[in-house]
Amino acid sequence: MFDVIVKNASLRFGDHLVFENLNLTMQGGKWTCLLGGSGVGKTSLLRLIAGLSGNDNSRADVSGEVICEDGFPVNHRIAWMSQEDLLLPWFTVLENITLGQRLRRTWGDRLKRRPLLSGETTDQAMSILEKVGLSDKADVLPQHLSGGQRQRAALARTLMENRPLVLMDEPFGALDAITRLNLQDLACELLANRTVLLITHDPLEALRLGHAVYHLRGHPARLTDAIVPSGTTPRSLDNHELMSLQGTLLDRLRHESFSEGDSV
Amino acid sequence: MNNSIKPFIVFIAMLALWHGLVAGFDMPSYILPGPWEVAKSMAENAGLLWEHSLVTLSEMLLGLLLGVLLGIALALMLVYFAVLRPWLLPPLLITQAIPVFALAPILMLWFGYGLTSKVVMTILVIFFPVATCCYDGLRHTHQGWLDMAQTMGGSRFAILRTIRWPAALPALASGLRVAVVVAPIGAVVGEWVGSSAGLGYLMLQANARLWVDQMFAALAVLAFCSVTLYYTTDKLLRRLIPWKPETSQE
Ligand SMILES: Nc1ncnc2c1ncn2[C@@H]1O[C@H](COP(=O)(O)OP(=O)(O)O)[C@@H](O)[C@H]1O
Ligand SMILES: [Mg+2]
């Protein structure tokens with residue numbers, strides 16, 4: 001699996017410099033976790049990698065390159081998962097997780113009256129739904145799902161896209177602690193061997209799932225050196241190394257928000 | 001209590017109030033006829049009322065259909081051809097700033113005394129609420145959905161069809177509810193200014209001859225048509241757009 005390299009990424013909103021000349025290498029087939037307090041620029045960095053900066057009518061100055069080691073461009077190799085599940089309320093769960101197929105349907109497909117989902121795609125979708133434990137919810141509208149189920153559906157949609165690079169922006173942030181742990185395990189299992197960039201403000205999550213954990217901090221934001229916890233993911237909670245690292249990181253994050261609070 | 005019963009209760013209460021007013025203040029029937037007299041007139045003139053309601057209804061429905069289509073087309077143009085926006089907006093606002101009453105004689109002159117001028121009037125009063133609501137809905141698509149669609153590699157048209165349009169439907173529905181309520185204004189004002197058929201025409205004729213009960217009968221039929229149209233539309237929209245009108249989950 002190829003590495004993905006972010007080179008000299010800079011972003012500024014007006015005279016507010018979010019980060020400058022940021023470099024980050026995401027190892028192919030591994031999970032890179034990016035930790036940071038709120039407002040430091042995590043989402044902005046992720047949007048930059050996905051090529052979404054400047055989409056939202058904001059006056060953002062963006063520069064930097066995203067390079068895949070194998071030389072092919074990064075567009076169309078990204079699956080995107082955010083804190084909101086982004087399920088469309090007018091589509092059923094099955095229709096939601098096959099949204100990509102619907103969006104990529106061409107005029108040719110339509111003219112030839114090719115069915116929206118081939119039998120093969122439907123089977124694939126159903127098997128993914130089974131893996132995330134939603135096989136009985138395929139024909140249900142999202143409004144009838146719980147928070148955890150909705151995020152499972154979002155995970156299923158991400159898997160359905162079957163892209164080598166997965167960008168996740170605090171995907172489990174809105175869930176309760178137990179549901180979050182369960183979903184972390186599930187995502188870890190289902191997205192193994194993919195290149196994943198997971199953004200989170202939860203040190204425990206980063207340490208459980210990351211092969212490399214970076215901390216984004218300061219104004220303008222910089223990346224610290226990577227922490228590389230030992231052992232296979234998802235790491236269990238009774239791991240001493242993990243717990244002491246969590247303590248260190250929590251201290252750092254707390255200190256950070258404290259000094260920020262002072263300066264305001 | 002069942003929600004579909006409530007309008008009927010209100011209706012009965014209004015009839016009672018009406019009757020109370022007439023009886024209580026001893027109103028002469030050339031000022032305000034009682035509900036009973038009006039009902040009698042409706043029964044006597046049933047054929048006439050039916051004939052003229054059909055005219056007004058067809059003006060309203062045709063105007064609604066065309067006005068809604070025009071409103072939606074305008075909204076799509078405003079969203080997708082941003083360059084046109086500063087050029088389109090002033091003329092649109094002018095059509096709304098001039099009262100339809102003032103425009104009516106001109107429309108008679110241009111489109112004649114028949115159906116066309118009334119349909120044009122109806123279009124004029126309804127396309128604007130439809131266009132603004134639809135435009136608002138199309139503009140405020142949840143950014144997260146658009147981001148996701150872009151990473152999935154959807155074309156602009158596919159994103160419009162699959163995400164922006166359905167997301168705008170609840171807003172468009174509010175526009176339609178307003179449109180249905182104001183559509184009779186366009187049609188009836190048109191009939192007042194010049195026509196040979198329709199409930200507005202009937203009311204003018206009855207008024208000139210001081211047939212007050214017939215005037216009220218026509219008015220009642222018009223009100224009935226409007227209210228029925230509103231509730232039918234509302235029901236239909238609820239069935240077609242069953243999801244909660246959320247643009248974001250925050
Ligand atoms: N569209 C925008 N316009 C102006 N400033 C923005 C915009 N988006 C984000 N910012 C600013 O950029 C900084 C980083 O935001 P963000 O990347 O969302 O932080 P995080 O995801 O780490 O919480 C914040 O200070 C925020 O105020
Ligand atoms: Mg964020």
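Author: A pocket is an open set of points, on a 1 Å grid over the protein atoms alone, with protein on both sides within 12 Å along at least five of seven lines. Its volume is the space filled by 1.4 Å probe spheres set on the points, which are joined across faces, edges and corners. This is a predicted model, where local features need pLDDT of at least 70 and side-chain atom pairs 80 or more, while totals for chains, interfaces and linings use all residues. Residues are numbered from 1 along each chain, chains are lettered from A and ligands numbered from 1 in written order, and side-chain values use heavy atoms, without hydrogens and water.

Reader: What volume does the largest pocket have?

Author: Happy to start there! The lining, meaning residues with an atom within 4 Å of a point, counts 25 residues. Nearest the centre lie P7(B), F11(B), F224(B), V227(B) and Y231(B). The volume itself is about 1200 Å³.

Reader: Which helix gives the most to that lining?

Author: In chain B, α1 (6-24), α2 (35-44) and α10 (212-240) each supply at least two lining residues; helices are DSSP runs (H or I, at least four residues), numbered from the N terminus. Domain 1 (1-32) and domain 2 (39-240) of chain B, from an automatic or database assignment, each provide at least three residues. With twelve residues, the top contributor is α10(B).

Reader: What area do chain A and chain B bury between them?

Author: Buried area is the accessible area (1.4 Å probe) that two parts lose on being put together, summed over both. In chain A, E84(A), W90(A) and L103(A) lose the most, together 29% of what that side buries. Carbon and sulfur atoms carry 62% of the total, which is about 2500 Å².

Reader: Which side chains meet in a salt bridge between the two chains?

Author: A salt bridge needs a side-chain nitrogen of Lys or Arg within 4 Å of a carboxyl oxygen of Asp or Glu. One is counted between chain A and chain B. At 2.5 Å, N to O, the partners are R47(A) and D147(B).

Reader: What distance separates the domain centres of chain A?

Author: Chain A is assigned domain 1 (1-77 + 163-264) and domain 2 (88-162). Between them, 13 residues of domain 1 touch twelve of domain 2, and E161(A) and R163(A) meet in a salt bridge (3.2 Å, N to O). Taken over C-alpha atoms, their centres are separated by 27 Å.

Technical notes: Contact = heavy atoms within 4.5 Å.
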